[in-house]
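Welcome, and please load the model in your viewer.

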Amino acid sequence: MTKVVLSIGSNVGDRLARLQSVVDGLGEAVRAVSPVYETAAWGGVEQGAFLNAVLIADDPDLDCHGWLRRGQQLEQEADRVRGQRWGPRTLDVDIVTCHDGDTEVRSATAELTLPHPYAHLRAFVLMPWLAAEPEATLTVADTTRPVSLWLEELDPAERAGVRRTDLALRTEIAAD
């Protein structure tokens, strides 16, 4: 079984519907869904605010590259255009971590870097992740620590820029 942590975001069109399309597209593989957060765009490109969430999913038939392909397929179905780096997106599906059983998968290829190399610097990933999986850990530079500690080290302004909304993603969480 491979367990994956996915960070999803949208700042173009019906943002909530775009996030919901990921939950719907993954169906019974979804194990946990965070609340929905709103966050100012990250990366210095002028654009509208993002809605962000984190999903925990698993599927015995997918390895980490399979999850990457599935995420890219969901982005394409949402008419994602890869243009400007950190620019506006109809849908962004990022793999934060992937586990094969109890083993955290590491990858450093041009196609897939795991764990996500910037996850520990992004409150819009860490805050929803903690809401979905309070005991989560993240490995950075061979150091595995609770996600809560990575979040504590971020600038308070970075954390304050991630605001929980009243919006929610609908799911039929599969039984373990």
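Angles under 35 degrees count as roughly parallel, over 145 as roughly antiparallel, 65 to 115 as roughly perpendicular, and the rest as oblique. This is a predicted model, where local features need pLDDT of at least 70, side-chain atom pairs count only at pLDDT 80 or more, and totals for chains, interfaces and linings use all residues. Residues are numbered from 1 along each chain as its sequence is written, and side-chain values use heavy atoms, with hydrogens and water left out.

**Stop one: two helices.** Select helix H1 (residues 15–26) and helix H2 (residues 64–77), which pack at an angle of about 130° with their axes 10 Å apart. H1 and H2 are therefore oblique to each other. Now show side chains: Ser21, Val22, Gly25 and Leu26 in H1 meet Trp67, Arg70 and Leu74 in H2 (contact means heavy atoms within 4.5 Å).

**Stop two: Asn11.** Next, pick Asn11, in the loop between strand S1 (2–10) and H1. Is Asn11 buried or exposed? Its relative accessibility is 11%, so Asn11 counts as buried (buried means under 20% relative accessible area, exposed over 50%, partly exposed in between, with a 1.4 Å probe and protein chains only). Follow the side chain of Asn11 to the backbone oxygen of Gly48, at 2.9 Å. Beyond neighbours within four places in sequence, Asn11 is in contact with Gln47, Gly48, Ala49, Phe50, Pro88 and Arg89.

**Stop three: Ala141.** Finally, go to the loop between strand S9 (137–140) and strand S10 (143–146), where Ala141 sits. Ala141 has a relative accessible area of 71% and is exposed. Draw a distance from the C-alpha atom of Ala141 to that of Pro115, 26 residues apart along the chain: 9.8 Å.

How values were computed. Axes fitted to C-alpha atoms, helices over the stretch in contact; angles between N-to-C directions. Helix = DSSP H or I, 4+ residues; strand = E, 2+ residues; numbered from the N terminus. Polar contact = N/O pair within 3.5 Å; in protein donor to acceptor, adjacent residues only side chain to side chain.
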